[in-house]
Amino acid sequence: MLPVTADDHLSGPVDRAPLADGPVAVLTNPTAGRGRCRALLPRLLDGLAAAGRPVRLLQAASPAEAEAACRAAVTDGVGALVAIGGDGTIHQALQAVAGTDVPFGPIPAGTGNDFALDTGFPADPLAAADVVAAALRDGRRHTVDLARMSGADGAERWYGAVLAAGFDAIVNERANRMRWPRGPRRYDLAIVVELARLRPRRYTMRLDGVPHEVDAVLVAVGNCPTYGGGMRICPDADPTDGLLDVVVAGRVDRRTLIRVKPRIYQGTHVSHPLVRSYRARTVELAAEGITTYADGERSLGLPVTISAVPGAVRLLR
């Protein structure tokens, strides 16, 4: 386990090499950004086509189909994979390109775009498409780390931004079970319900083999600093350092949690006396009754082992 120190370089090593033959496969979520993605899609595809390579739009009607389409495209030998949407769309594409030589272009067009922004892409989707097209033309790639999760049953998942394994994951789980109300109010109601039920849980952690037992209401494991659309939950995380940042909020009561939560947007919550930060290459995490959420997507149940994988993805930037 290593001490936490601030580190601001997020660019990653750069390499230049001709791209493999094959089209640029594009995964998109038309509903991302409350329909913004659908309206911009023709212009985004034109921007990518300006790189001089054929562009192939992948067809998918569900997250599972999207992930399968990306895996098939990589297996078929595409020259690159581009994902247009929010963190969920990018998360699905990462499952296919992680650990391969296929370069990847995340274009932020959703309500939460944490991975793309934290790895240096412009917030404007059209500007990001121009960056990806220029990298395609120049054969330019920046390598950054990803986190690889392994479950007790042998299941594996990758993520780029943050794994939530506490109060935030419990709220997501409740919101996903609810059928009413629709939209953001459902998440707000889930927060109210879970705040009323808030209690610390016993977590067992091993950080690079060093055991820790903590009572906590929130545990986040970050490859990047932000989640939830810009909340700097792991403010010092750097996706090029080969390490994971672990932020733990201990025996926090409801009033304290409500008071501290706004500080997460600036990352100043880590100075609270009940919040502790760690840094490790491998994190083993266990607790009863927790389903994790990675990049905002429902993922594996605890226990899990999370490993930082240096240079696991080559970004078109």
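How many of the residues of helix α3 are buried? In this predicted model, 11 of the 11 residues of α3 are buried, where buried means under 20% relative accessible area, exposed over 50% and partly exposed in between (1.4 Å probe, protein chains only). Residues are numbered from 1 along each chain as its sequence is written, and local features need pLDDT of at least 70, side-chain atom pairs count only at pLDDT 80 or more, and totals for chains, interfaces and linings use all residues. Side-chain values use heavy atoms, with hydrogens and water left out.

**Helices α2 and α3**

- Helix α2 (residues 63–76) packs against helix α3 (residues 87–97) at an angle of about 35 degrees, and their axes lie 8 Å apart. Helices are DSSP runs (H or I, at least four residues) and strands likewise (E, at least two), numbered from the N terminus.
- Axes are lines fitted to C-alpha atoms, for helices over the stretch in contact, and angles run from 0 to 180 degrees between N-to-C directions.
- On the α2 side, P63, A66, E67, C70, R71 and V74 make the contact, and on the α3 side Q92, A93, Q95, A96 and V97 do; contact means heavy atoms within 4.5 Å.
- The buried residues of α3 include D87, I90, H91 and L94.
- Just after α3, G99 adopts a positive phi of about 75 degrees.

**Helix α7**

- Helix α7 (residues 184–196) has 13 residues and spans 19 Å from first to last C-alpha, close to the 18 Å expected at 1.5 Å a residue; the expected span is 1.5 Å times one less than the number of residues.
- A190, I191, E194 and L195 of α7 are buried. They lie on the same side of α7 because they cover an arc of only 130 degrees around the axis, the arc being that of the directions from the helix axis to the C-beta atoms.
- R185, V192 and A196 are exposed on the other side of α7.
- The cover over the buried residues of α7 includes α6 (167–177) and α8 (254–260).
- E194 counts as buried because its relative accessibility is 8%. Leaving out residues up to four places away in sequence, E194 touches F167, I170, V171 and R174.

**Loop residue G160**

- G160 sits in the loop between β7 (156–159) and β8 (162–164).
- With 0% relative accessibility, G160 counts as buried.
- Not counting residues up to four places away in sequence, G160 touches L94, F115, L146, N223, C224 and D295.
- G160 and P239 are 79 residues apart along the chain, and their C-alpha atoms are separated by 8.2 Å.
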